[in-house]
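Thanks for making time this morning. I'd like to walk through one model and talk about its contacts. Here it is on the screen.

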Amino acid sequence: RVATGALTLEEDPQERTILTAMLDLIVKDDVRFSAIAQELNRRGYRARGGIPWTQSAVFEMLPRLVEAAPTILSREQWEALKQRL
């Protein structure tokens, strides 16, 4: 997200929580995007704009997941996930 003053970017703690939940579901359960969306909604997380998660919204997060995964997952988890993606 854009930091106060609009000069830099800063990590959004809520986004990191959601990304961690998504990665956890993908790594541990190998579930479909629709099931991930359902679980995120069940946990009360919302996509940008406050809308419920959809299969498409989860899919659209893949580039961000690939970017963030190495900082969230252990090396072994990241390597296993890269093989599946």
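Start with Glu15. Leaving out residues up to four places away in sequence, Glu15 touches Arg48, Met61 and Arg64. Keep in mind that this is a predicted model. Glu15 sits in helix H1.

Is Glu15 buried or exposed? Its relative accessibility is 16%, and the cut-off for buried is under 20%, so Glu15 counts as buried.

Now the partners. Take Arg48. The side chains of Glu15 and Arg48 form a salt bridge, at 3.2 Å from N to O. This pair links distant parts of the chain. Glu15 is in H1, and Arg48 is in the loop between H2 and H3, 33 residues apart. The side chains of these two residues are also joined by a polar contact of 3.2 Å. Arg48 itself is exposed, with a relative accessible area of 71%.

Next, Arg64. Arg64 makes a salt bridge with Glu15 too, and here the closest N and O atoms are 3.1 Å apart. Why does this pair matter for the chain trace? Arg64 lies in helix H4 and Glu15 in helix H1, so the pair ties together parts that are 49 residues apart in sequence. Arg64 has 25% relative accessibility and counts as partly exposed.

Glu15, Arg48, Arg64 and Glu67 are linked in a network of salt bridges.

How many salt bridges does the structure hold? The count is 5. One of them, Glu39 with Arg42, has its closest N and O atoms 2.6 Å apart. Both residues lie in helix H2. They are 3 residues apart, about one turn of the helix. Glu39 is buried, at 18% relative accessible area. Arg42 is exposed, at 60%.

While we're on H2, look at Gln38, which lies in that helix. Gln38 is exposed, with a relative accessible area of 57%. Gln38 and Pro52 are 14 residues apart in sequence, and their C-alpha atoms are 8.8 Å apart in space.

Next slide: the overall layout. The secondary structure is 5 helices and 0 strands. From the N terminus, the order of elements reads α-α-α-α-α. The chain has 85 residues, and 31% of them count as buried. The accessible surface comes to about 5,800 Å². Carbon and sulfur atoms account for 51% of that surface. On contact order, take contacts between residues at least 6 apart in sequence. Of those, 46% join residues at least 24 apart.

Now the inside. A general point first. Nonpolar side chains tend to be buried together in soluble globular proteins.

In this model, the largest nonpolar core has 22 residues. Which residues have the most contacts inside it? They are Met22, Ile36, Leu40, Trp53, Val58 and Leu65. The elements giving two or more residues to this core are helix H1 (13-29), helix H2 (33-42), helix H3 (55-60) and H4. H1 gives the most, with 7 residues.

Last stop, helix H4, residues 62-72. Its buried residues are Leu62, Leu65, Ala68 and Ala69. Looking down the axis of H4, these buried residues fall within an arc of 130°, so they line one face of the helix. What does the face turned away from that buried side carry? The exposed residues there are Pro63, Glu67 and Thr71.

Glu67 belongs to the salt-bridge network with Glu15, Arg48 and Arg64.

That's the tour. Questions, please.

Notes:
Residues numbered from 1 in each chain as written. Predicted model: local features only at pLDDT ≥ 70, side-chain atom pairs only at ≥ 80, totals over all residues. Heavy atoms only, no water. Buried < 20%, exposed > 50% of the residue type's maximum accessible area, 1.4 Å probe, protein only. Helix = DSSP H or I, 4+ residues; strand = E, 2+ residues; numbered from the N terminus. Arc of directions from axis to C-beta. Contact = heavy atoms within 4.5 Å. Areas by Shrake-Rupley, 256 points an atom, 1.4 Å probe, with all protein chains shown as cover. Core = buried A, V, L, I, M, F, W, Y, C linked by side-chain atoms within 4.5 Å. Salt bridge = Lys/Arg side-chain N within 4 Å of Asp/Glu carboxyl O. Polar contact = N/O pair within 3.5 Å; in protein donor to acceptor, adjacent residues only side chain to side chain.
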